[in-house]
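Work through the exercises below with the structure in view, and try each task before reading its solution.

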Amino acid sequence: MGLVKRGNDLWFYEDLYSDVTYGFKVKKIIISEKATGYQRLMILDTERFGRVLVLDGIVQLTEEDEGIYHEWIGLWPVFAQMKTPENVLIIGGGDGGVAREVLRHPGVKSVTMAEIDKVVVDACREHMPAISAGIWDDPRFHLIIGDGAEVIRKMRGQCDVVIIDSTDPIGPAQSLFDTSFYESVYDALREDGITIHQTGALLLQPFEAPGSWRQMERIFDDVRVVQFTNVSYMGGPFSLTAGSRGRRVFKAAEQNAKRNFKAAGIKTSWYSPDISAMPYPEFQRRLEIDKYGEEVVLDFALPARKTPALKQVGKWSRDLCKAIDMIAFGEPMVSNAELGDGDTLVQYIETSAINYRRFGNIAATNCFTCARLPVDKAVAFTTEYFGARKAVGWNLPRGAFSDIKTVRRDTRIFEAGPDVVPGSGSAVLRPRLAEAAEVFKPSFKLPVETGFSPAFELVLDIYGCDFDRISSCEAVAAWVKESAKLAGLKTIGKPEAPDFGHAKKKTAGPSVTQLLRGGSNISHYSINWLMIVVNLVAREAVPLRQVITHAMDYFRGTKAHCWILPRGAADKSLKEIAENTVLFEVRRD
Ligand code: SAM
């Protein structure tokens with residue numbers, strides 16, 4: 001939106017989100033929007049916030065509340081140190097606000113600011129001089145005009161603090177959110193050194209801080225999120241993610257800050273070592289989650305002449321909810337009230353879904369939650385409920401933020417039930433890890449094509465999806481339809497995306513189900529994690545490569561973890577089931 005005339009007044013509305021915005025009245029345009037070669041710059045004057053710097057339609061700072069952000073991102077890493085930091089590098093920060101705060105510490109010997117866009121520096125210095133007050137005459141201050149991702153590579157072992165005060169991970173700042181950049185930052189830090197990076201609004205950009213957390217966790221010896229709130233970064237709780245070289249500094253951060261702040265003797269308006277900047281527990285939980293959810297898939301022979309009717313299966317799905325301490329959402333969906341061979345029942349639960357189908361006398365169930373799943377309880381309840389003597393099970397880490405080898409290690413294939421004698425070969429097996437190239441070869445055969453099982457399940461976790469493509473049920477439902485057509489699968493009815501209100505959306509994210517003849521496509525997706533997790537069950541073979549690449553193209557995913565499970569083959573040995581369970585990764589670099 002940008003600048004908008006409202007009556008006789010001029011207003012500015014921020015362009016960060018497609019479905020949320022905020023605006024303020026503009027008294028005067030100081031610099032109308034101009035291209036700097038890196039971004040579009042604008043400086044506005046307002047009654048409410050004073051002067052405002054806008055880059056690419058996004059508010060970078062206002063004179064009214066810049067102090068909150070600049071004191072926290074500038075002083076938190078400086079005072080959390082084991083000892084007074086000497087060399088501080090600021091990447092970005094062209095307005096000079098962070099440098100201003102750091103240079104207030106008398107003990108700091110050198111502050112280098114590596115800013116890519118000289119136009120920002122000059123514009124702020126001229127039109128918002130209060131922000132960078134005093135830095136230009138400070139002999140400790142050095143300005144480098146250049147890409148911070150390049151500059152940092154030449155500073156191995158030279159920095160006590162690296163502050164990344166950049167724009168969001170688009171345009172010139174994209175390189176500042178890469179793993180290789182974080183590795184260079186780690187190399188630039190001295191022992192006990194700290195880096196800190198603005199990582200977005202915890203509620204409105206729920207995928208940014210957890211994404212940076214996971215990336216930084218792999219590189220730095222310790223990671224922390226510092227939470228603060230100001231006005232011009234819309235959306236309430238905002239995050240700074242910090243990483244350390246060495247594990248002791250964050251453990252001592254609070255007491256270091258109290259000691260160092262007192263010793264420095266500087267007055268602050270917003271930062272205080274007595275304020276715990278720890279994230280709210282829910283945010284900390286989201287940061288530490290190592291996967292989107294967990295699933296247990298079970299196939300077992302039904303006792304002779306005991307084909308369960310819809311009523312009994314419906315009761316199972318609701319009772320299982322109770323058994324695993326989950327809430328059922330709505331009534332079960334069924335492809336056919338007879339619940340005959342290949343028909344599907346889906347019961348939504350607060351954090352995804354439970355589903356059932358039968359192939360001959362083999363019942364095939366799935367229980368998927370976006371929270372911790374008491375797997376043993378779910379398995380025991382289901383086998384007892386249906387009187388199954390022995391079940392084959394798969395326990396899948398869904399939407400895991402780990403590499404494919406770890407996903408394989410965490411995928412458990414097992415047997416359960418009264419006939420399974422503990423220890424007698426009831427081992428836990430792993431799937432076969434394959435290359436996507438092998439699976440995409442025409443010679444690769446699905447379990448239904450080899451006759452190994454009457455059905456198969458493609459389990460697909462797609463990461464790094466495009467926000468707009470996974471932020472609406474309509475967009476996902478459109479994909480489900482296209483995908484079923486592409487796969488040549490016969491659909492029953494339309495894709496269903498029941499709206500259970502925000503409660504479900506908040507916990508797991510919405511779901512879309514397309515019932516198919518002899519199967520189903522059940523998808524859950526999360527804007528929190530920018531991912532979609534799909535379970536496609538079918539009795540007919542599908543063109544795997546087309547189905548998977550179509551999904552990745554549609555959601556603009558960067559990577560996918562894919563499992564192929566042989567369903568309905570509970571009469572086979574565990575070893576054979578494991579050999580026919582294939583796990584592979586598809587990347588879209
Ligand atoms: N505090 C603001 C925020 O959190 O949104 C950031 C303000 S500061 C002006 C952001 C600066 O980062 C911009 O001046 C931009 O030019 C700079 N920047 C973006 N990418 C950069 C890069 N790769 N290297 C150095 N500076 C960069």
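Angles under 35 degrees count as roughly parallel, over 145 as roughly antiparallel, 65 to 115 as roughly perpendicular, and the rest as oblique. The model is predicted, so local features need pLDDT of at least 70 and side-chain atom pairs count only at pLDDT 80 or more, while totals for chains, interfaces and linings use all residues. Residues are numbered from 1 along each chain as its sequence is written, and side-chain values use heavy atoms, with hydrogens and water left out.

**Exercise 1.** Determine how helix α1 and helix α8 are oriented to each other, and which residues make their contact.

Solution. Helices (H or I, at least four residues) and strands (E, at least two) are DSSP runs numbered from the N terminus. Helix α1 covers residues 66-79 and helix α8 residues 253-264, and the two pack at an angle of about 105° with their axes 8 Å apart; axes are lines fitted to C-alpha atoms, for helices over the stretch in contact, and angles run from 0 to 180 degrees between N-to-C directions. The helices α1 and α8 are therefore roughly perpendicular to each other. Their contact (heavy atoms within 4.5 Å) is made by Trp76, Val78 and Phe79 of α1 together with Ala253, Asn256, Ala257, Asn260, Phe261 and Ala264 of α8.

**Exercise 2.** Find out how helix α10 and helix α11 are oriented to each other.

Solution. Helix α10 (residues 310-323) and helix α11 (residues 375-386) pack at about 150°, with their axes 10 Å apart. They are therefore roughly antiparallel to each other. Among the residues that make the contact are Trp316 and Leu320 of α10, and Phe381 and Tyr385 of α11.

**Exercise 3.** Work out the order of the open sheet of 3 strands.

Solution. The order is β1-β2-β3, with antiparallel pairing. The edge strands β1 (2-6) and β3 (23-26) each pair on one side only.

Definitions and conventions:
Two strands pair if DSSP finds at least two bridges between them.
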